Amino acid sequence: MEKVIENNRINEEKEPVVVACAADNFFSIPLAVVAFSALKNLDGDRKIIFCILDGGISKANREKIVQTLDSSRVEVRWIKPTSEQIQRTLLKCRASSHPISNYYRLLLPAILPTQFHKVIYLDADVVVEGNLAELWDCEIGDNYVLAVQDPVHRSLLRAEHLKSLQLEKQGITADNKYLNAGVLVINLERWRQDKIADQILKCIAKNPDFPFPDQDAINIVLAGKWGEISPLWNQMHVVHNFESPQDSPYDQSVYPDLIDNPRIIHYTSRPKPWGKNCTHPQANRYFTYLDQTAWSGWRNTPLVYSVTLMQRVMRRTMMAVSKSLSRV
């Protein structure tokens with residue numbers, strides 16, 4: 001590593017934390033919250049390379065995101081998948097109703113420079129409360145990803161929506177846990193070597209009725225090949241439904257912090273904090289960070305909500321037309 005001389009001492013510069021998010025223009029503000037909260041809670045001597053997989057973010061919103069972040073500590077890289085990559089992904093996932101940007105995480109091994117050996121992927125509906133350097137420094141070993149076990153499905157064989165696949169016949173066992181794909185540490189080298197993204201896209205194409213297309217496919221392709229990290233790194237909404245540790249999948253050593261002091265809050269329920277009538281018990285944490293971004297003071301209103309709803313309908317209509325044309 002490069003060494004720098006400072007105050008007559010030689011200090012080893014720590015490698016930056018590489019983080020990736022995928023978003024379209026509708027998620028510009030939540031994306032800014034993700035990026036700002038990650039930087040806010042990072043060790044003071046660490047930097048972030050923040051890779052944004054751009055699904056159509058406007059120039060004005062890109063400028064506000066950059067304005068939000070301390071340029072001395074973060075390098076923002078805007079990454080636009082090529083038309084060929086988008087088309088290939090679209091063809092594989094054409095039966096899905098999800099926006100194409102949902103699948104951009106699968107393109108990370110191909111899109112990111114080969115100098116990057118791993119990356120922390122974050123969904124755009126999280127806030128980071130912990131020091132991502134701690135997650136970055138976790139030993140990934142030969143695992144394809146590091147992730148948190150899903151508290152609802154728990155294992156592939158217990159996931160009701162996968163029962164019809166008879167996964168036992170594919171070698172899946174009761175020991176194969178089901179991960180949540182909203183927070184991942186991805187081993188880019190192994191994904192590239194074994195063409196994992198292609199395997200996942202083929203699995204999605206083969207199973208167009210998956211309710212969680214990329215997450216379900218990641219779980220099937222990587223069954224038994226991922227490493228588990230503390231649930232503190234991906235607190236999902238369902239944990240607030242448990243009345244006690246005894247009522248939950250968690251023991252007393254982790255349960256209190258998981259409820260009150262998670263490293264990452266993942267707003268897996270609907271509506272989201274930026275939506276209408278959100279009841280998430282920690283929705284206020286989203287606005288704490290939002291009010292430190294270039295969108296400080298922004299709140300949803302009936303007019304904003306109606307306009308956003310209309311824009312989403314238009315987007316979905318255009319996506320359906322694009323998929324129909326791709327079949328021709």
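This is a predicted model: local features need pLDDT of at least 70, side-chain atom pairs count only at pLDDT 80 or more; totals for chains, interfaces and linings use all residues.
Strand β8, residues 145–149, pairs with β9 in the antiparallel sense, over four bridges.

Now the strand β9 itself. It covers residues 179–187, and nine of its nine residues are buried, so I will call it mostly covered, with buried meaning under 20% relative accessible area. On to its pairing with β6. β9 and β6 run in the antiparallel sense and share five bridges. Within that pairing, Ile 120 stands opposite Val 185 in β9.

What stands opposite Val 19? It is Ile 120, in β6. The strands concerned are β3 and β6, the latter at residues 118–122, and they pair in the parallel sense over two bridges.

Next, the helices. Helix α8, residues 213–221, is mostly covered, with nine of its nine residues buried. Those buried residues include Asp 214, Gln 215, Asp 216 and Asn 219, along with Ile 218, Ile 220 and Val 221. What covers the buried residues of α8? The cover includes β9 and α7, the latter at residues 196–206.

For the chain as a whole, there are eleven helices and twelve strands. Buried residues make up 50% of the 328 residues. Of the contacts with a separation of 6 or more, 76% are between residues 24 or more positions apart.

In soluble globular proteins, nonpolar side chains tend to be buried together. Here the largest nonpolar core has 93 residues, and those with the most contacts inside it are Leu 122 and Leu 132. The element that gives the most to this core is α1, with nine residues. Which residues is Leu 122 in contact with, leaving aside neighbours within four places in sequence? Among them are Val 19, Ala 20 and Cys 21, then Val 34, Val 128 and Leu 132, and also Gly 182, Val 183 and Ile 264. There is also a second, separate core of eight residues, which includes Leu 232, Phe 242, Tyr 255 and Ile 259.

The last topic is the aromatic rings. How many aromatic pairs does a search of the whole structure find? It finds five. One of them is Phe 27 with Trp 274, an edge-to-face pair at 5.7 Å centre to centre, with 80° between the planes. This pair links distant parts of the chain, 247 residues apart. Phe 27 is in the loop between β3 and α1, and Trp 274 is in the loop between β12 and α10. Are these two buried or partly exposed? Phe 27 has a relative accessible area of 21%, so it is partly exposed, whereas Trp 274, at 12%, counts as buried.

Another pair is Tyr 267 and Tyr 286. Their ring centres are 6.5 Å apart and their planes are at 85°, so this pair is edge-to-face. Tyr 267 is in the loop between β12 and α10, Tyr 286 is in helix α10, and 19 residues separate them. Tyr 267 is buried at 1% relative accessibility, and Tyr 286 is buried with a relative accessible area of 1%. Ring pairs link Phe 27, Tyr 267, Trp 274, Tyr 286 and Phe 287 into a cluster.

The charged end of Arg 62 sits over the ring of Trp 78, 6.0 Å from its centre. Arg 190 lies over the face of Tyr 144, at 4.3 Å from the ring centre.

Definitions and conventions
Residues are numbered from 1 along each chain as its sequence is written. Side-chain values use heavy atoms; hydrogens and water are left out. Rings of Phe, Tyr and Trp (its six-membered ring) pair if their centres lie within 6.5 Å; planes under 30 degrees apart count as stacked, over 60 as edge-to-face and the rest as tilted. Buried means under 20% relative accessible area, exposed over 50%, partly exposed in between (1.4 Å probe, protein chains only). A charge sits over a ring if NZ of Lys or CZ of Arg is within 6 Å of the ring centre and within 35 degrees of the ring normal. Two strands pair if DSSP finds at least two bridges between them. Contact means heavy atoms within 4.5 Å. A nonpolar core is a set of buried Ala, Val, Leu, Ile, Met, Phe, Trp, Tyr and Cys residues joined through side-chain atoms within 4.5 Å.
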